[in-house]
Amino acid sequence: MYGLPSLHASNENPHGQENMSCEAMVVYYIILGKLMSISILPECNPYIDAVDQLNREAFGSDVEPKLIKLLRERDELLISLVAIDDDKIIGHVCASPVTINGNNHSIAGIGPLSVCKSHRCQGIGGMLMEEVIAQLRNNDFAAAVLLGDPNYYHRFGFSSGAAFGLQNEYNADEAFMAMELQHNSLVKISGLVQYVSAFKEQGA
Ligand SMILES: CC(C)(COP(=O)(O)OP(=O)(O)OC[C@H]1O[C@@H](n2cnc3c(N)ncnc32)[C@H](O)[C@@H]1OP(=O)(O)O)[C@@H](O)C(=O)NCCC(=O)NCCS
């Protein structure tokens, strides 16, 4: 878990990018008889170091923190959400734009997603996924893609990207997944999905 210098989250535009609807979501639950609350909030400046540390620990690598830093610097984070428990950052997810055959179809690539080791398997990754999907949908994104374990991401509605006629740059098969966020939005769209160049530059 990674502490914050101050925790005055606001819904102001956190990094200068176009603001998406960023209502704080607070989920209450009980673990071992103790009432807990997890807040899902947009990332803002005081959170950045903690997000960096969380991703370094969760992935055991510098690739993801460096990738997120580059996306942030280039204003390519469409959404960046943190999960907070007791003033500690315990989870993070972000989304960035992707193109298909070089064209913008309002499709987002979700990820990286991370939850600190001490808080895994408590539904926090799920809360972050549900919220990033909801925010993309509410902001009229047509679809989302991601690379990951289908056993995890199927539960959120993702299925084979190839079945939608989408290819990826990583030669991933079942790990490459897509989800329509609007009705039949991928019916007339097919081709090569490309993430922004920060992914290749960081070896992600
Ligand atoms: C993947 C990750 C974000 C899941 O977070 P989490 O808060 O533990 O997930 P949830 O509590 O919402 O879901 C837990 C469920 O997902 C399953 N699960 C967790 N990670 C999984 C993975 N990598 N592959 C398949 N299933 C996974 C758990 O077994 C559990 O299953 P159950 O509901 O059947 O018991 C977390 O394990 C993590 O940070 N991993 C390291 C970074 C990473 O690999 N990120 C994903 C790639 S971008």
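Just after helix 3, D140 takes a positive phi of about 70°. Helices here are DSSP runs of H or I with at least four residues, strands are runs of E with at least two, and both are numbered from the N terminus. Before going on, please keep in mind that this is a predicted model, in which local features need pLDDT of at least 70, side-chain atom pairs count only at pLDDT 80 or more, and totals for chains, interfaces and linings use all residues. Residues are numbered from 1 along each chain as its sequence is written.

Let's step back into helix 3 itself, residues 124-138. The expected span of a helix is 1.5 Å times one less than its number of residues. For the 15 residues of helix 3 that gives 21 Å, and the end C-alpha atoms are 21 Å apart, which agrees. Among the buried residues of helix 3 are I124, M127, L128, V132 and L136. Buried means that 20 or more other C-beta atoms lie within 10 Å of a residue's own; exposed means 12 or fewer, partly exposed is in between, and C-beta atoms are placed from the backbone.

Of its 56 residues, L128, V132, A144 and V145 touch the most other members. Setting aside residues up to four places away in sequence, A144 touches I107, A108, I110, I133, L136, M179 and L181; contact requires C-beta atoms, placed from the backbone, within 7 Å.

Strand 7 (residues 143-147) pairs with strand 10 in the antiparallel sense over five bridges, and V145 stands opposite A178 in strand 10. Pairing requires that DSSP finds at least two bridges between the strands. Strand 8 (residues 159-160) also pairs antiparallel with strand 10, over two bridges, with M177 as the bridge partner of S160. Four of the five residues of strand 10 (residues 176-180) are buried, so this strand is largely enclosed by the rest of the structure.

Finally, look at the ligand. It is surrounded by 18 residues, the closest being R120, G125, G126, D149 and Y152; a residue belongs here if its C-beta atom, placed from the backbone, lies within 6 Å. Strand 6 gives the most to this shell, with five residues.

Terms used: Core = buried A, V, L, I, M, F, W, Y, C linked by C-beta atoms within 7 Å. Contact = placed C-beta atoms within 7 Å.
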